[in-house]
Amino acid sequence: MDEKRSPKTVHSPDVQRRKWLKTGTILAGGAALAHPMLAMAQTGPIRVGHLTPMTGFLGALGEYAVQGIKMAVEEINAAGGLLGRQVDLISEDSVNPQTAASKAQRMIERDKVEFLMGEISSASALTIAQVAARNKTLFMSIGARSDTLRGKDCNRYTFHVDIPVTVMVNAAGEALAREGYVKGKKIYTLTSDYVFGHDLSKAAKAFFARNNGTVIGEEVVPTDLTDFSAQLIKIRQARPDLIATNLGGNQVTNFVKQYAEFGMKFPVAGFNLNTADAWAAGEDNLGGIWPTVWHHEIKTPGTQAFVQKFTKKYNRIPENHAWIEYVSMMMLAQAIRETKSVDTERIIKYFESEAQFDILKLRKGYFRSWDHQLMQEAYPFTVKPKGQAKHKLDFLLFGEAVPGATEPLEKLAPPRSENLCKM
Amino acid sequence: MEIVYLLEQIVNGLVLGGYYLLLAMGLSLIFSVGGIVNLSHGAFYALGAYLSLEVIKYAGFGASLFITPVLVGLIGIAFERFLLRRFYTADPILSLLVTFGLAMVAEQALRMIWGSAPLPSGMPPQFKGNVMLGEFMFSKYRLFILAVVICVMGGIWLLLHKTSFGRVVRAGIQKPDMVAVLGIRLQPYMVTVVVLGVASAALGGVLFGPIAIVHPAMGTEIMTVAFVVVVIGGLGSFWGVVLAAFLVGVVRGVTTHFAPAASEASMYILMFLVLMLRPRGLLGERIERFE
């Protein structure tokens, strides 16, 4: 199969047949037959429900996500599966928060998945987390970064893999402050109008306040806005010293391209930019300092082997969402192997024991026991000086991991005093 | 000072209007002459943007401005000949469904061929930057786009109002039965109308690829605005569409200035008001078929 295609549902053929059979059985036999099937689930494949946006403004990232998790599942199954059972990944487009929630509910009830995984949209991750908590099913929220998800809205059944907004703001912010972009400067912010954008904006404002920067204006834009010319004109009129973007998905790409088009000279930075969106912006358009959770040039054998395998399989360089889905599946696999079970409670206990996971970075990561978020390194990045790029996608210049090797991994994450998470 | 800023937004809105116009004009023409609501119009815009990236690789941006619309126009011929032609006299719901389906097929086809990740697209460096006129800032590239749009629209206006082809098309919009009585078949004219429509949508894709993101859903995204413009402008009127496109652009710009949160909603409010006060659109003609 051509891996560039992104089918809405990813099934292996015989599993598909089984699902049809099952649907037929339920239709024919009703609830009475459902019991033997439950018993069967203990010996059949381990079903994992995977939801991520495959269309819309996060769709391009979702494609990387699906490819990453599929690669992990294939590797696990090729090595004999987990506890002698194959892993069956049911991957679907989450579309929007409402659809995501109903699909998650259906996956639990009808597809009998043992675990839920995925997401990039913070809004959809929130609704899935609620479904997971109601059904006491484990949900690994992989690519959603909103602070509220792991703060006010945290729950016992949800674990968060990606770096939270606060870490992103701190990672890029400290680099910005070092370069003198913040102290005593006038800053204009641009924010996507949904939970993630508002979270970024809140964390960014707090960071600027701590570092003596003044926010002189903020434009809140709808997530489907594609033309920023009106905002650009307004920002120019305000004459800021720095433009800080709190935009989600491919909006950043749009913004920086149009910014370059207008040839404005105020420095632009921001607290969210996925590698795929940075690539799409192109070398000539991008500048500033940005944070990322992972990049393909990390010099660890794990990352280099992953990049090589991924590139061979899909014929393109993996983006951070491909990596994070891959390691998430591998973390779950480790938990299943170590606990020798697929029992939700035992897996939660294992994660909460702050067990260490090799996430292909220099330092291992672990889930913080009281708010369930993965503690890990992050990286600031900027753009290479002109002429240094070896090929079209080679223009990003990645910085050293933060926190530094001698500092605790928790350094950039919100401390207990600032996190409202109560389980 | 405030008034200068406002003027700046108004001028920017006019440029934005030009962008809507490229899509809305074709949409309006195809609907007015053929009675078909072409929901797949955005697909030709997206196709234009994608093909343009390929053409640019071999022939450069300047050549792509001409070659890409021609290529998409050729596809438009097939689109009219094998698909639209079957639906001129059929129930409008059928053409609505078929073009809606085609839009989805087209989007997925783009995803299959070029992948769902947005493609890097840039403009020739000489277009980058701005032109300052006193306190006014213009993007060089957008001024260029506006110039191209004015040329294209001028061409379409001449074609519709100064040629025998245009006379038949305009008569066909107004009184198709009368045209038929005179022994003129409208069908052959539809090929040209469709080609004009989809080629200008493709030109929109070529022009906006460099400042927007080239991704499979770009066609779907643009369709809503294009429809709003057609509805506000009214059917069958060249100037109605032009007026509506610029109006929507300006209203968006001005609301961004005063009430940023309402900027996206503003065009729908405008449409609502126009439909309440003047159901056939600002300059819409009274068309027998649709009354």
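Predicted model: local features only at pLDDT ≥ 70, side-chain atom pairs only at ≥ 80, totals over all residues.

Q: OK, what is chain B's secondary structure made of?
A: Chain B has ten helices and two strands. Along the sequence, the pattern reads α-α-α-β-β-α-α-α-α-α-α-α.

Q: And what radius of gyration does chain B have?
A: The radius of gyration of chain B is 19 Å, which agrees with the value near 19 Å for a compact globule of 291 residues. The C-alpha atoms fill a box of roughly 60 × 45 × 35 Å along the principal axes.

Q: How many of the chain B residues are buried?
A: Buried residues come to 49% of the 291 in chain B.

Q: Can we look at a helix pair? At what angle do H4 and H7 of chain B cross?
A: Helix H4 (residues 140-162) and helix H7 (residues 187-208) of chain B cross at roughly 175°, and their axes come within 11 Å. That makes H4(B) roughly antiparallel to H7(B).

Q: Which residues make that contact?
A: From H4(B) there are B:Ile145, B:Val148, B:Val152 and B:Ile156, and from H7(B) there are B:Leu196, B:Ser200, B:Leu203 and B:Leu207. Sorted by class, the contact between H4(B) and H7(B) has seven nonpolar residues, one polar and no charged.

Q: Switching topic: how many residues of chain A are in contact with chain B?
A: 38 residues of chain A are in contact with 35 residues of chain B. On the chain A side, helix H3 (59-78), strand S7 (214-221), helix H9 (229-238), helix H10 (251-262) and helix H11 (275-281) each supply at least two residues.

Q: What classes do those chain A residues fall into?
A: The side of chain A that touches chain B has eleven nonpolar, 15 polar and twelve charged residues.

Q: You mentioned H11. I'm curious about A:Asp277 in that helix: is A:Asp277 buried or exposed?
A: A:Asp277, which is found in helix H11 of chain A, is buried, with 28 other C-beta atoms within 10 Å.

Q: So what is A:Asp277 in contact with, leaving aside its neighbours within four places in sequence?
A: A:Asp277 is in contact with A:Gly249, A:Asn250, A:Val252 and A:Thr253. Another residue to look up is A:Glu319: A:Asp277 and A:Glu319 are 42 residues apart in sequence, and their C-alpha atoms are 9.5 Å apart in space.

Q: Now the sheets, please. In what order do the strands of the parallel one in chain A run?
A: The order is S7-S6-S8-S9 in that open sheet of four strands. S7 and strand S9 (268-270) of chain A stand at the edges with a single partner strand each, so one side of each has no neighbour in the sheet. From one strand to the next, the twist averages 25°.

Q: How many bridges link S6 and S7 of chain A?
A: Seven bridges, with strand S6 (residues 186-192) and S7(A) pairing in the parallel sense. A:Leu190 stands opposite A:Glu219 in S7(A). Helix H8 (residues 195-210) of chain A packs on this sheet, touching S6, S7 and strand S8 (242-246), and its direction makes about 165° with that of S6(A).

Q: What about the antiparallel sheet in chain A, which strands form it?
A: Three strands form that open sheet, in the order S10-S13-S14. Here strand S10 (290-292) and strand S14 (396-398) of chain A are at the edges. Neighbouring strands are turned by 40° against each other on average, direction ignored. S10(A) and strand S13 (residues 379-383) of chain A pair over three bridges, and A:Trp290 has A:Phe381 in S13(A) as its bridge partner.

Terms used: Residues numbered from 1 in each chain as written. Chains lettered and ligands numbered in written order. Rg over C-alpha atoms; globule rule 2.2 N^0.38 Å. Buried ≥ 20, exposed ≤ 12 C-beta atoms within 10 Å, placed from the backbone. Axes fitted to C-alpha atoms, helices over the stretch in contact; angles between N-to-C directions. Parallel < 35°, antiparallel > 145°, perpendicular 65-115°, else oblique. Contact = placed C-beta atoms within 7 Å. Nonpolar A, V, L, I, M, F, W, Y, C, P; charged D, E, K, R; others polar. Pairing = 2+ DSSP bridges.
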